Every structure is written in structure tokens, then in C-alpha cells.
Amino acid sequence: MEIYVQLLVNSLQIGAVYVLFSLGLTLIFGVMRIVNFAHGEFFSLAALVIAVSLPWFVGFGAPLGLAFVVACVAALAVVLLLGKAMYEFGFRRFQRDMTGSFVLSIGLALLLQGVFIEVFTPASRRLPTLIEGNLHVLGAGITWQRLVLCAVAIVVAIGLYWTIASTRLGTALRAVAEDHEAAMLQGMPYRRIAMVGFLIGTLLAGAAGALLAPVTVVTPVIGSAYLIKGFIAVVVGGLGSIPGAIVGSLLIALIESVGGYYFDPSIATIAMFVIVMVVLLIRPTGIMGHA
Amino acid sequence: MRDGRVTALAAGAALVVASAFVRSDFVAMLFVWVAVNVLLTASFRFVTLIGELNFAIAGFVGLGAYAAGCATTMLDAPFVVSLAAGAAAAGLVSLAFGWVTLRSKGPYFLLISFAFTEVLRLVYTQTSAIGGNSGLVGIFPPAWLTGYYPATVLALVLAGLWVLHRLENSDFGRILVAIRNNDLIVQSVGLDVHRTKVLCLAVSSAFAGLGGALLAHANNVISPGDFGFLLAVFTLAYLKVGGEGHFAGSIVGATLLTLLAQYALGFGAFEHVFYGGAIVLVVLLMPEGIVGRWAAWRARRAGAAHARGPEA
């Protein structure tokens, strides 16, 4: 019994980060029809900025918690700048051009990875523990640190869901995703909405990176591992579908924690792939996707 | 067009003969790498005829390399049989893979093909019979080919290019392009779109497998890391730089980038920056690629000459 609770807890804490990551992917796909291969680089950059700047802020005498919050803000600002630059100089010209934008994003991903390795060196960085202590529920253990980070991730995800579901901006994003030409005929500024959607997606990847940085080893290529799982999650759930991204991410996290416990991580990744194949065989556009 | 083909054939034959006289090991390897990369890029391009980006190509190159490597090292199979095994393994697996995945298209297909490559890589690392993480060693070309291996590779690659070119300009090739333009119309005239797509992928993958088999025998050692998705991304870079609209694009792009990469090798994370930068620059500044730009320039010049009328 305890082991099942523990596995469930593990899945949820992995899943929370995947959800943020794949929500960004699916949102960008929804509004711009862009499969952004460079999405993992936002994630890497946020984690790297925090790993580098946190010790620096602490060196100035800031308490650990405050230093982390400041580092997070700095990381998100840097990621937002990168996203804005990528949009302005690249993706703006490739909206709705799925192949062109994908090729561009893959070039950007490679280029940025090379630049990160040069700038940050290939070294692995580990952050100091922010919150000490463990929590035990029903025989399952989780560190307070992971619990808090997980809670923040869930709050962000709910915030996004609420934004999409019930604000003016969310309605605009959904309208554009549904049929951008009809939206433009109604006088909606498509390009502005697309840019806002892209930047929100960017920030979500940055937030995922920032939340994961304290509980993992940060390297310049950390984003790649998340990218493939994020893609599997959105393909299973259906590209462009918000609930699909959440369901897909949780499914992937469940497979990862159960498969990783009983077998090993590689077997878990192979299992994910088999499940994607099965889903595509039954529904070629994912569980909740429509053509 | 006729004399273009004759020129290409003559140039190819000259290269094959020239490579037989190469005595420097490095230059010989360069011949092999360029030739294999050209074949891989042409195979990758063949699937773009139906409008799909096939990132599983790296997986199929790996399958070809491992199948040929196993045949040569474990079964002592003759060289020709090893090559055939490589091409057949990749082709057959791609039939099954394509049958399932080609029902979806566009972003779904390319993401799945990307995942397939990564999963195959994981499978190799998990299989100790084929060397696991450290790979398979001792894959040598047969003794009777000593000194002539680059020439053999070049000749096989030229034959492969010829087949792909013929297929592209046959009725089959026209159906492929029609599927890219509008698959519903192709379906409506009674052609089996799905089966055609699967066949297209299988042809491309068989050549990718052949490329892998040739590469394995050239490098003598293969490991799972050689066949990650980076290989597919490099292939994409070759095609984009050369220009995907023309058959010659894969030849020009793969040759140019492979040679440039050798020339500039050894700047740390350079490989990422080099290929990434090449893709970004070409997509932003020259989306039609080198050959596309060249063809447009020639067409413009011809148009200008035509407008001027015959010279008096």
C-alpha cells in the first residue's frame, strides 16, 4: 500500500513540472501552429540563470529564500527577452508555416545549446537545499522543498487554466486557436494575440525550469530530456489541447515513476513510446485532439 | 536536362576513379563521409516528397549499421550480404513503423519519428548482446576491398541516387508529390494513399539502412550515440542548405556542409553552433537553399535573354 502511495506522490511531483512544460508547447502550437523544438532551451536557460545567480545573490548576504525569489525573477526576465527576440526575428515570419517554423526552431535549439555550453561551460551545478525537512503522509515521504515547488507549479497551471477559460485574453487565445481567420474577421489583432500566446508559453517553460532547478542537477542540455517527454505528452494528449497536455503529462509522469521503480528509466522511456504508438493507432490526433 | 544528367554521370564516374587513387587515409574517409551523407540526405528528401519530415531516419541508419555490423562480426557474413541485411532490416522495420505512424501526419508524424530515433538509441544501450553503451567493434570491410573501399561506397551511393532520382521522376514519384499537395484528391481517384506513403518511407529507409551499413564498415566501430536525433538534424541542415526543391540540393548541401564542418572542426561546442547557425541563417535568409537560389538566378537570366530577343 505504502509503495503505491509513494509512487503516486512521485508521479505527481514529476508530473507538475511536465504539465507546465507541455502547457507552453501546446499553447504555442494552438495559437501559432508552431511546433517549437527550442522550447527546451527556455527551460535550460531559466535553470542555468538561477544556478549561476543564486550563489551570487547569497554572496551579497541575501537570505536563501529571498535570493531564490530574486533569481527566479531574473531568470524569467531573461527567458522572456529570449522569447521576444526569437519571436521578433524568427517565428513572426513563420506563423502557420509548420515545416518552416519547425526547421527554424530546430536550428535555434541547436544553436542555443551550443551557446549555453560555451557560456555556462558543460559543468553540472547543484543548488543548496532551500527548505529542509520531510513530510510523511500515509507512509509516503516527500521533502518539503519538493512539496512547495510542486504546489507552486500546480498554482501556476491552475492560473493558466483559469486565464484561458474565463478571461478576455483567454477567450481571444481560444478564438485564434480555433480559427484565426474568423477571429481576424471579427477585428481581433491576431498578431498581437499570437505574440502574447507565444510569450506566455515561453514563460511557462521558464517557470518549469526555475521550479526544477533546486531539486535537480543543472546542465546546459537539461532541456533536451524534458523536450522529448513534453512532446510525447502533447502528442498523446492532442496537440493544441490544454486538457490534453495535462492528461498527457500526468500519464507520462506515472509511467516514468512506476517504470523507473520496477524496471529502469530507459525501459520507462521505451514504454512511453509504445503507449504513444498505441494511442496514435487508435486516435491519430491524440486523445483530445481534433484534426 | 539530358546533358545535365550526362554531366552528373561523368562527374560521378570520375570521382569513383579518383577515389581509387587516394592514398591519404583522411581524404579517403572524407570521401566516404561525404558520400554517405549525400545518400542520407537524398533519402531524407525522398520522404519530404509526401510532405513529411522523417526524423526516424537516424534510427533507420542505426538499424542498418547494427544489422550489418552484427552480420559481419557475429555471422562472418560476406560483405554484400551484410550490406543487404542493413538495408533490409531498416526497410522492413520502417514498413511496420510507417504502417502505424503514417496514419497521422505533419507535427504528429515528425514528433513520433523523433521519439522513435531516441527510443531505438535507448534499446541499443540496453542490449548487451550488441555491446550496450560501448557499442559494436571490429566491423571491417573485406580484405579484397583494401584501398578501394571509398570507391565502392561512392559507386553504391551513385547507384542509390540514380534509383531515387528515377523513382522521383516516375509515376510513383508524381503520386508522392500529389499526396503532399492534396492527399484527399489522390484518395478520391482511387489510389491507396496510406500504402503509397508507407512504401515511400520504406524505400527511403532502406537506403538510409544501406548508408548506415556503409558507415559502420568505414568507421569499424559503432555505438548508440552515433545514431541519436542529432544525426537527423544534421541531415535536415544538409537538405535545407542545399535546397529541398531540387534533387541536386541534397548533394550540394551534404557535400558543402560535411567539408566545411571538417575544416572548422575542434571548437568545443562548435558542432551545435555550426549546424544550428547554418539552419537558422538559411531558413531566414535563403529559404530555397543554394540550388534553389541558383535555379532562380538561371531562370531569371534566361527570362531576360528571352525578353531581349535573339541577338542580331
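Q: At what angle do helix H2 and helix H4 of chain A pack, and how far apart are their axes?
A: This is a predicted model. In it, helix H2 (residues 39-59) and helix H4 (residues 98-120) of chain A pack at an angle of about 15°, with axes 10 Å apart. That angle makes H2(A) roughly parallel to H4(A).

Q: Which residues make the contact?
A: H2(A) contributes A:Gly40, A:Glu41, A:Ser44, A:Leu48 and A:Val52. From H4(A) come A:Ala109, A:Leu112, A:Gln113, A:Phe116 and A:Phe120. By class, the residues of this contact are six nonpolar, three polar and one charged.

Q: Left-handed or right-handed crossing?
A: H2(A) passes H4(A) in a left-handed crossing.

Q: Over to the other chain. How many residues of chain B are in contact with chain A?
A: 34 residues of chain B are in contact with 33 residues of chain A. On the chain B side, the elements giving two or more residues are helix H4 (79-101), helix H5 (107-126), helix H9 (229-242) and helix H11 (270-285).

Q: Which of those gives the most?
A: H5(B), with 13 residues. Taken by class, the side of chain B that touches chain A has 22 nonpolar, nine polar and three charged residues.

Q: How many residues of H5(B) are buried?
A: 16 of its 20 residues are buried, so H5(B) is largely enclosed by the rest of the structure.

Q: And what is the distance between its end C-alpha atoms?
A: The end C-alpha atoms of H5(B) are 29 Å apart. At 1.5 Å a residue, its 20 residues should span 28 Å, which agrees.

Q: What about H4(A) against H11(B), what angle there?
A: H4(A) and H11(B) pack at about 145°, with their axes 7 Å apart. H4(A) passes H11(B) in a left-handed crossing.

Q: Which residues of H11(B) are in that contact?
A: B:His272, B:Val273, B:Tyr275, B:Gly276, B:Gly277, B:Ile279, B:Val280 and B:Val283. Facing them on H4(A) are several residues, including A:Gly100, A:Val103, A:Leu104 and A:Ile117.

Q: How many charged residues in it?
A: The contact of H4(A) with H11(B) has no charged residues; it divides into 13 nonpolar and seven polar.

Q: How far is B:Ala143 from B:His306?
A: Their C-alpha atoms are separated by 57 Å, and the two residues are 163 residues apart along the chain.

Key: Residues numbered from 1 in each chain as written. Chains lettered and ligands numbered in written order. Predicted model: local features only at pLDDT ≥ 70, side-chain atom pairs only at ≥ 80, totals over all residues. Contact = placed C-beta atoms within 7 Å. Helix = DSSP H or I, 4+ residues; strand = E, 2+ residues; numbered from the N terminus. Nonpolar A, V, L, I, M, F, W, Y, C, P; charged D, E, K, R; others polar. Axes fitted to C-alpha atoms, helices over the stretch in contact; angles between N-to-C directions. Parallel < 35°, antiparallel > 145°, perpendicular 65-115°, else oblique. Left-handed = near helix turned anticlockwise from the far one by under 90°. Expected span 1.5 Å × (residues − 1). Buried ≥ 20, exposed ≤ 12 C-beta atoms within 10 Å, placed from the backbone.
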